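Please look over the sequence and the model below before reading on.

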Amino acid sequence: MFRTPLNLFRVLAVAEAISWTLLIVGLILRATSDFAIGVTVGGAIHGFVFLSYGATAILVALNQRWGVWPTVVAVVSAVIPYATIPTELWLHRSGRLAGAWRLTATDDPRDAAWHDRLMRWFLGRAWLLVALIAAAVVVLYATLLVIGPPGGRH
């Protein structure tokens, strides 16, 4: 399913937009019917997908060798409701999502960098990479739950 960076990035960009919808619906339900569990559920899903999208954006940026600007735009787009969709379209149309996962070294001198070698090693063991990223997202998510919601608890 995620044989290319484009496929993975697109799925997470759409999932992030859907999670925004769940959060917004939860907020509307809480405001109109005092159904607070909607925000709890929508917020939990959105938080997890938000972190997963951020991790995906960084992984794809490294693989595709984006500069700082496209990487920052991709990561920050998750903060603005539904902005991941136009961001994905822009990255796709500009060719930044073209190509395959870089599993082997090429003659490009950048392939000798330690982080490129490490990334290729992990990409060659995709299940391990997925497990480590998922574990990192879960740990960060749990840490943020302990810290509490933005703006404090009411």
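Predicted model: local features only at pLDDT ≥ 70, side-chain atom pairs only at ≥ 80, totals over all residues.

Two packed helices are described by the angle between their axes and the distance between the axes. Helix α2 spans residues 37-64 and helix α3 spans residues 68-76; their axes lie 9 Å apart at an angle of about 165°. Angles over 145 degrees count as roughly antiparallel, and α2 and α3 are therefore roughly antiparallel to each other. Their crossing is right-handed. On the α2 side the contact is made by Tyr53, Gly54, Ala57, Ile58 and Ala61, and on the α3 side by Thr71, Ala74 and Val75. Six of these residues are nonpolar, two are polar and none is charged.

The aromatic rings come next. The model has four aromatic pairs. One of them joins Phe9 and Trp66 edge-to-face, with 6.0 Å from centre to centre and 80° between the planes. Phe9 belongs to helix α1 (residues 5-33) and Trp66 to the loop between α2 and α3, so this pair ties together parts that are 57 residues apart in sequence. Phe9 counts as buried because its relative accessibility is 0%. Trp66, at 11%, also counts as buried.

Another pair is that of Phe48 and Tyr141, whose ring centres are 5.9 Å apart; the planes stand at 85°, so the pair is edge-to-face. Phe48 is in helix α2 and Tyr141 in helix α6 (residues 126-147), 93 residues apart, and the pair links these distant parts of the chain. Phe48 is partly exposed at 33% relative accessibility, whereas Tyr141 is buried at 18%.

Technical notes: Residues numbered from 1 in each chain as written. Heavy atoms only, no water. Axes fitted to C-alpha atoms, helices over the stretch in contact; angles between N-to-C directions. Helix = DSSP H or I, 4+ residues; strand = E, 2+ residues; numbered from the N terminus. Parallel < 35°, antiparallel > 145°, perpendicular 65-115°, else oblique. Left-handed = near helix turned anticlockwise from the far one by under 90°. Contact = heavy atoms within 4.5 Å. Nonpolar A, V, L, I, M, F, W, Y, C, P; charged D, E, K, R; others polar. Phe/Tyr/Trp six-rings, centres within 6.5 Å; stacked < 30°, edge-to-face > 60°. Buried < 20%, exposed > 50% of the residue type's maximum accessible area, 1.4 Å probe, protein only.
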